[in-house]
Amino acid sequence: MSTEEHDAPRAVIVISSHVARGSVGNRAAVFALETLGFPVWAVPTVILPWHPGHGRATRIVPPLDQFRALMADLERAPWLGEVGAVLSGYLGEGGQADAVASLVGAVKAKTPGAVYICDPVMGDSGGLYVPETTAIAMRDRLMPIADIATPNRYELEWMAEAPLPDLKAVMAAALHAGPSTMLVTSAPAMMAGGTGNLLLNGNQALLAEHRLIEKPPNGLGDLTAAVYLARILSGQPAIKALQSTTAAVYEILARTAKRGGDELQLETDAQSLSHPMAMVQLRHLLHPGRDKRA
């Protein structure tokens with residue numbers, strides 16, 4: 001390993017929810033990134049005993065002034081040069097978005113090549129599950145400064161203010177969402193009984209598909225964002241990063257479902273993060289911005 005490689009910033013700041021039990025939010029992202037060799041600075045935006053989908057639970061959101069103060073501490077930390085990426089997910093309240101954006105700016109000022117990936121966790125097929133003010137903050141404050149965003153199809157629909165019934169509509173919305181690279185999860189699939197991850201960047205439109213598993217555990221989006229970020233930070237090209245990320249997440253999901261687990265069993269299937277064996281269908285699509293005849 002060269003001195004340059006050894007000294008390259010590898011730490012990732014992950015800003016998302018924390019649950020005592022389960023594999024969602026920071027619990028999923030931190031485990032995945034550390035398993036794949038990346039040090040993590042973890043910042044909780046809210047603390048919960050478990051995912052709210054399991055039932056009512058106490059919700060502890062840090063007072064906004066304290067959250068801002070903690071984030072400001074990180075901005076002036078003497079180790080900030082260790083950080084090569086920031087990943088933000090679920091916000092406890094909309095006011096946290098400004099502090100996240102400020103920290104992203106500080107990281108990029110210290111390391112211009114640092115990556116910011118925004119996972120705008122705000123809803124699913126049932127609609128928004130955060131207050132609209134929080135969703136607006138993610139859409140208007142964080143999405144425009146992101147290098148990569150990983151919304152699910154329903155979150156992209158909300159941000160686009162339009163239904164996205166097919167791949168053509170999803171690609172058009174992703175093209176105008178802001179970030180130069182969009183990884184849309186729960187995208188429409190071309191294979192029967194499937195679902196997909198759609199990756200759209202400046203010159204590629206790629207779809208990785210796999211079999212749909214009904215009523216999956218929570219945390220798939222958190223895990224996808226973290227694993228894709230790790231692949232990119234490791235130098236994988238976008239097409240390989242998409243394929244291997246989709247394979248890893250699907251393999252963990254399928255194994256968890258087979259065991260009847262109500263949470264992703266990351267600790268049991270950690271090897272799937274590094275060396276997934278699951279097969280996924282990868283398709284090259286016509287990029288909506290490159291051929292106006294599409």
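**Cavity, pocket and helix packing**

Modeller: In this predicted model, the largest cavity is lined by Val14, Ile15, Ser16, Gly25, Ala29, Leu87, Ser88, Gly89, Asp119, Asp222 and Ala225. Strand E1 (11-19), strand E3 (83-88) and helix H8 (220-233) each give two or more residues to this lining.

Biologist: What makes a space a cavity rather than a pocket?

Modeller: A 1.4 Å probe fits in a cavity but cannot get out, whereas a pocket is open. The structure holds one cavity of 30 Å³ or more, and about 60 Å³ of space lies in the largest cavity.

Biologist: Which element gives the most to the lining of the largest cavity?

Modeller: Strand E1 does, with three residues.

Biologist: How are the residues of that lining divided by class?

Modeller: There are five nonpolar, four polar and two charged residues. Gly25 and Gly89 belong to the lining, and Gly counts as polar under the classes used.

Biologist: Why are H4 and H5 called roughly parallel to each other?

Modeller: The axes of helix H4 (residues 96-110) and helix H5 (residues 132-142) cross at roughly 25° and come within 9 Å. Angles under 35 degrees count as roughly parallel, and H4 and H5 are therefore roughly parallel to each other. H4 passes H5 in a right-handed crossing.

Biologist: Which residues make the contact of H4 and H5?

Modeller: Ala97, Asp98, Val100 and Ala101 of H4 make the contact with Ala137, Arg141 and Leu142 of H5. By class, five of these residues are nonpolar, none is polar and two are charged.

Biologist: At what angle do H8 and helix H9 pack?

Modeller: The angle between H8 and helix H9 (residues 238-259) is about 145°, and their axes are 9 Å apart. The crossing of H8 with H9 is right-handed.

Biologist: Which residues of H8 and H9 meet?

Modeller: From H8, Leu220, Leu223, Thr224, Val227, Tyr228, Arg231 and Ile232 take part, and the residues they meet in H9 include Ala238, Leu242 and Leu253. This contact has 12 nonpolar, three polar and one charged residues.

Biologist: What volume does the largest pocket have, and which residues are the closest to its centre?

Modeller: The volume of the largest pocket is about 1100 Å³. Of the 46 residues that line the pocket, Asp124, Asn152, Ser186, Leu220 and Gly221 are the closest to its centre. Among the elements that give two or more residues to the lining are E1, H8 and H9. By class, the lining has 19 nonpolar, 19 polar and eight charged residues.

Technical notes
Residues are numbered from 1 along each chain as its sequence is written. This is a predicted model: local features need pLDDT of at least 70, side-chain atom pairs count only at pLDDT 80 or more; totals for chains, interfaces and linings use all residues. Side-chain values use heavy atoms; hydrogens and water are left out. On a 1 Å grid over the protein atoms alone, a cavity is a set of points where a 1.4 Å probe fits but cannot get out, and a pocket is an open set with protein on both sides within 12 Å along at least five of seven lines; lining residues have an atom within 4 Å of a point. Grid points are joined across faces, edges and corners, and a volume is the space filled by probe spheres set on the points. Helices (H or I, at least four residues) and strands (E, at least two) are DSSP runs, numbered from the N terminus. Axes are lines fitted to C-alpha atoms, for helices over the stretch in contact, and angles run from 0 to 180 degrees between N-to-C directions. A crossing is left-handed if the near helix is turned anticlockwise from the far one by less than a right angle, and right-handed if clockwise. Contact means heavy atoms within 4.5 Å. Angles under 35 degrees count as roughly parallel, over 145 as roughly antiparallel, 65 to 115 as roughly perpendicular and the rest as oblique.
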